[in-house]
Amino acid sequence: MRSLKMSWFLLAVFVVMSAMPRLAAAHCQIPCGIYDDNARVAAMLEDVETIKKSITMINELADKTDVQSRQQFVRWVMNKENHAQKLIATTADYFLTQRIKPAQEDYVERLKKHHAVILNAMKAKQGADMKTAAELEESVKALLEYYPEHKH
């Protein structure tokens with residue numbers, strides 16, 4: 001009888017646990033120490049280059065009306081927005097949550113520089129201007145002072 005009650009109890013626990021929402025934990029939000037911050041910034045600079053290429057192509061295709069050009073136009077817009085969003089996510093989810101610490105002497109300055117990346121990436125999503133892309137690139141490059149390349 002006791003075994004049967006225990007089985008029902010375990011089944012009830014299983015059902016409740018199965019119905020509960022699960023949190024998806026990002027791999028980098030644990031102290032594993034395997035990431036190379038400089039490489040992360042280098043990848044962000046590649047995202048900026050992709051945004052710049054996308055802007056060039058958007059502007060080249062803007063006046064074309066054939067179906068293939070319209071299709072490519074939409075794809076370049078989506079590409080630009082995806083890479084800008086990637087910059088926002090990397091800055092917020094990785095650098096701001098893990099690399100910026102209130103105890104750092106230059107905490108406020110670091111926050112400002114990382115926030116500039118987020119703001120410039122948002123502007124890049126909203127438009128197709130090379131001036132904005134250049135400002136985005138400069139804001140990403142400004143992070144390199146905090147994340148120098150490690151020589152092995």
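**Exercise 1. How many aromatic pairs does the structure hold?**

Before you start: this is a predicted model, where local features need pLDDT of at least 70, side-chain atom pairs count only at pLDDT 80 or more, and totals for chains, interfaces and linings use all residues. Residues are numbered from 1 along each chain as its sequence is written, and side-chain values use heavy atoms, with hydrogens and water left out.

*Solution.* 
- Step 1: Go by the rule that rings of Phe, Tyr and Trp (its six-membered ring) pair if their centres lie within 6.5 Å; planes under 30 degrees apart are stacked, over 60 edge-to-face, and the rest tilted.
- Step 2: The structure has three such pairs. Among them is Tyr94 with Phe95: the centres are 4.9 Å apart and the planes stand at 80°, so this pair is edge-to-face.
- Step 3: Now try Tyr146 and Tyr147. Their ring centres are 6.3 Å apart with planes at 70°, so they are edge-to-face.

**Exercise 2. Find out whether Tyr94 is buried or exposed, and which residue lies over its face.**

*Solution.* 
- Step 1: Buried means under 20% relative accessible area, exposed over 50%, and partly exposed in between (1.4 Å probe, protein chains only).
- Step 2: Tyr94 has a relative accessible area of 2%, so it is buried. Phe95, at 0%, is buried as well, and so are both Tyr146 and Tyr147.
- Step 3: For a charge over a ring, NZ of Lys or CZ of Arg must be within 6 Å of the ring centre and within 35 degrees of the ring normal.
- Step 4: Arg40 lies over the face of Tyr94, 3.9 Å from the ring centre. Elsewhere, the charged end of Arg70 sits over the ring of Phe73, at 4.6 Å from its centre.
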